[in-house]
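Here are my notes on the model, point by point. Have the structure open while you read.

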Amino acid sequence: MSQQQETWSESAEEFVVDTEDCEEREQAYRARGTARPITVVGNPVLHKECKVVTDFDEDLAKLIDDMFASQRAAEGVGLAANQIGVDAKVFVYDCPDDEGVRHVGVVVNPVLEELPADRRSLDDSGEGCLSVPTAYAELARPDFAVVRGQDADGKPIRVRGTGYFARCLQHETDHLNGYLYIDRLSKRERKDALKQMAEGTPRYETVPND
């Protein structure tokens, strides 16, 4: 995890504006996209670091459209490319923060910036994952997060979030580094989450692990 982080700092660099025209932008993405089934824990693509994106082309644009369509079909707030079986460092989000402000966007090649100690206020709220359907567990994460990466055209961007949205940014970046949220739980908590999943029925299409 440490090698995937950079130190966070206040700077004049602007953060991406992801709170404007959210409905129109999200609808446009998914109108062009096709929903794909969700890969679940145990699928190899979820358990290794994804490949860095180097081509910012039509294929990437199509992937992003499909990711937004898949996210909406599964009623999620964030989705990483490997959750639909694609080995690429991309995630999309349509997520509110704790103030109810909606954030919609995409981050390519995300890097979670390491927070200074005075910004590391932990929130131990419950967390779930489309790739661990029907399971939930409490997990402490910082209630503020900054992710650096690129947009769909390859331009550098920086995204910040608080509360629930901060959790989303950390959760999706974890996915692309090969980690599920249950990997951060104790053995007993992880076992309980997998039991919840085994006993539940996903509300969306998933890819069976053969």
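1. Let's begin with one alanine. Ala81 has 0% relative accessibility, so it counts as buried (buried is under 20% relative accessible area, exposed is over 50%, partly exposed is in between, with a 1.4 Å probe and protein chains only). You'll find Ala81 in the loop between S3 and S4. Strands here are DSSP runs of E with at least two residues, helices are runs of H or I with at least four, and both are numbered from the N terminus.

2. Before going on, a word on the source: this is a predicted model, where local features need pLDDT of at least 70 and side-chain atom pairs count only at pLDDT 80 or more, while totals for chains, interfaces and linings use all residues. Residues are numbered from 1 along each chain as its sequence is written, and side-chain values use heavy atoms, with hydrogens and water left out.

3. What is Ala81 in contact with, leaving aside its neighbours within four places in sequence? The list is Leu63, Met67, Val86, Ala88, Val90 and Leu176, with contact meaning heavy atoms within 4.5 Å. Gln196 is 115 residues from Ala81 along the chain, and their C-alpha atoms are separated by 24 Å.

4. Now for S4 (residues 90–96). Of its 7 residues, 6 are buried, so the strand is largely enclosed by the rest of the structure. S3 (residues 78–80) runs antiparallel to S4, joined to it by 3 bridges; strands count as paired if DSSP finds at least two bridges between them. Ala80 has Phe91 in S4 as its bridge partner.

5. S4 also pairs with S5 (residues 102–114), again in the antiparallel sense, over 7 bridges. Look for Tyr93 opposite Gly105 in S5. The two strands make a hairpin with 5 residues between them, and Gly100 in the turn has a positive phi of about 85°.

6. There's another hairpin to check, made by S10 and S11, with 5 residues between the strands. S10 (residues 144–150) and S11 (residues 156–162) are antiparallel and share 7 bridges. Phe144 stands opposite Thr162 in S11, and in the turn Gly154 has a positive phi of about 90°.

7. Two backbone angles deserve a look. Most residues other than glycine have a negative phi. Asp21, in the loop between S1 (5–7) and H1 (22–32), has a positive phi near 55°. Glu75, also not a glycine, has a positive phi of about 60°. Is Glu75 buried or exposed? At 58% relative accessibility, Glu75 counts as exposed; its place is in the loop between H2 (58–73) and S3.

8. Stepping back to the whole protein, the secondary structure comes to 4 helices and 12 strands. The radius of gyration is 16 Å, close to the 17 Å of the globule rule for 210 residues, so the protein is as compact as a globular protein of that length. That radius is taken over C-alpha atoms, and the rule is 2.2 Å times the number of residues to the power 0.38. Of the 210 residues, 48% count as buried. Among contacts between residues at least 6 apart in sequence, 71% join residues at least 24 apart.

9. Last, charge. There are 25 positive and 41 negative side chains, and the centres of the two sets lie 5 Å apart. Lys and Arg count as positive and Asp and Glu as negative, leaving out His and the chain ends; each charge is placed at NZ of Lys, CZ of Arg, CG of Asp or CD of Glu.
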